[in-house]
Amino acid sequence: MHKRFTTLGRILHTGVLNFMRNISLAIAAMAVMVVTLTIILFSIITNATFENTIAQITNKINISVFLNDTTTDTQAKQLVADLKKQPSVHRVVYLNKEQALQSFIKDNKENPATVTAASQTGNPIPATIQVFPSNLNEIQHLKEYLTTPEREKLQTPRSPSYNGKRKEAIDNITHATNVLRQIGALMVAVFAVICALIIFNTIQMAIFNRRDEITIMRLLGAKTSYIRGPFVVESAIYGLLSAVLSVLIINSAFLASSNALQASSLGLLDINYASKYFGDHFWALLTLQIAIGIIIGTVSSVIATRRYLKFKTK
Amino acid sequence: MILLDRVTKTYNRKLGPSLDRVSLHVEPKEFVIVVGQSGAGKTTLLRLLTREERPTSGKIIIGGIDYDKLKDKDIPLLRRKIGVVFQDFKLLPNKNVFENVAFALEIVGVSNREIRHTVPKVLEIVNLKGKEKRMPRELSGGERQRVAIARAIVRQPRILIADEPTGNLDPKHAWDVIKVLEKINRYGTTVLLTTHNQDIVNKLKRRVVTIQGGKVVSDRANATYDGK
Ligand SMILES: Nc1ncnc2c1ncn2[C@@H]1O[C@H](COP(=O)(O)OP(=O)(O)O)[C@@H](O)[C@H]1O
Ligand SMILES: [Mg+2]
């Protein structure tokens, strides 16, 4: 047990020493790693933000079913119950004529003329069922469901009516998000590979610089893990430092953007939400970045050392 | 302790075997000198024992370890049992005398406290006391050779292999090195020494195994060597 700690301590110590000795190589490797991790972090935040934007838009979408004044309460309740059973329906809100009027007045507060007109003619607002679809693609299906002859009989001629942004507009946003997501994934993959290759090369150079020492260690009976350990530690340090740097970069980017532009949105990207998401998940994101950095570092150095540590005996 | 049975090593088929059906049996605590001219196969023999090379055919058993059954991952454990003094020293140029010797202990997980306790004792055995801080380039050939010996014995191996440790030394320093080896042998370590230095062989009066062209041509106790 004590021996294990002695060995582990020596591996860590040598790893840190080598890191400092190879600082110029290390800086090059870390620069690429910082770029990679920053792209990864940016992709994560953007993705979460887009998801939030889409969710918000989707939440506002509903279909209003306006009921004829001749439709009975029982028929209305029956339709509500039927709709609730539909898997394509997320939520149903039923407003009787009086509730519908109140809601109308509330929605048109800034428009007193309209409100007066509506209330003076007796209640012209029909009882309304608001149907919230479980997702965007169900809207067409819901429309078909509501326009069968026996259901159409219950509704005013304007019914059913679609509220919120048009489906095409939302489809466009979703499509753009998917494309961005794919580009992000591709960039992450490309940079992760470049980064792994650079670290691979850096470690190979570090091994080359210490090849005599490694040969002697081998001849004196050092275990593979003891020889490999310091190189793995060295590249894990690249991962750790790069992860912290990438988080700092994103952090200062948010600070700069909130100071400079008072902008709340940058094209599609809701900066306010992105910034809040980053703040709320700071520690989780930092941990994730460190984990990714250390994994990229250790995996590439384990592969880089493998060839040199084989026993040459045939 | 060391058993070789008809061991053959062929590096390159066209050039023929460097060792040809060599059989050798060394008892514990024995002091054996392997002699032969340059290119006879002495280093090859030692490299087979440390598993730097594998025999083309034949059987090797050392300290109960059958090399046919030895897995790659167990090679470090084997090497920890054998102390080796290399023909070219193999000291680390950027470590001082103390650190070079300590290195052999560090890599096997010996604590710093134990290292501080053991290394000075071993440096005393090889008469290098007071030179702990010297770098290898600041030492004479004989001193470097003694650092290499100190490193080979610091883990108290039961077997010590020394490949021409007197090769580049003048007679006085060569004899210093040999005296250290005899001392270690008296402490109970099996010593296998290669050389082509007649004087040393004749003065030591030990068991002498002569190799010529990869073959054992004689194996006698209390023997002398005429350089052939
Ligand atoms: N790695 C190798 N590859 C090919 N031939 C080798 C190798 N090592 C040694 N030899 C050959 O094997 C023979 C014995 O060499 P060696 O064992 O070094 O002899 P010695 O140590 O007695 O001088 C020589 O002919 C040498 O050229
Ligand atoms: Mg030789």
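A polar contact is taken here as a pair of N or O atoms within 3.5 Å, where within protein one atom must be able to donate a hydrogen and the other to accept it, and residues adjacent in sequence count only if both atoms are side-chain atoms. By that rule, a polar side-chain atom of B:T44 lies 2.5 Å from an oxygen atom of ligand 1, a backbone N or O atom of B:G41 lies 2.9 Å from an oxygen atom of ligand 1, and an N or O atom in the side chain of B:Y11 is 3.5 Å from a nitrogen atom of the ligand.

This is a predicted model, in which local features need pLDDT of at least 70 and side-chain atom pairs count only at pLDDT 80 or more, while totals for chains, interfaces and linings use all residues. Residues are numbered from 1 along each chain as its sequence is written, and side-chain values use heavy atoms, with hydrogens and water left out.

The residues surrounding ligand 1, each with a heavy atom within 4 Å of it, include B:S18, B:Q37, B:K42 and B:T43.

Turning to the interface, 28 residues of chain B are in contact (heavy atoms within 4.5 Å) with 18 residues of chain A. The two chains bury about 2100 Å² between them, 63% of it on carbon and sulfur atoms, where buried area is the accessible area (1.4 Å probe) lost on being put together, summed over both parts. Between chain B and chain A, six residue pairs are in polar contact, with both residues at pLDDT 80 or more, whereas zero salt bridges are found across this interface, a salt bridge being a side-chain nitrogen of Lys or Arg within 4 Å of a carboxyl oxygen of Asp or Glu.

Methods. Chains lettered and ligands numbered in written order.
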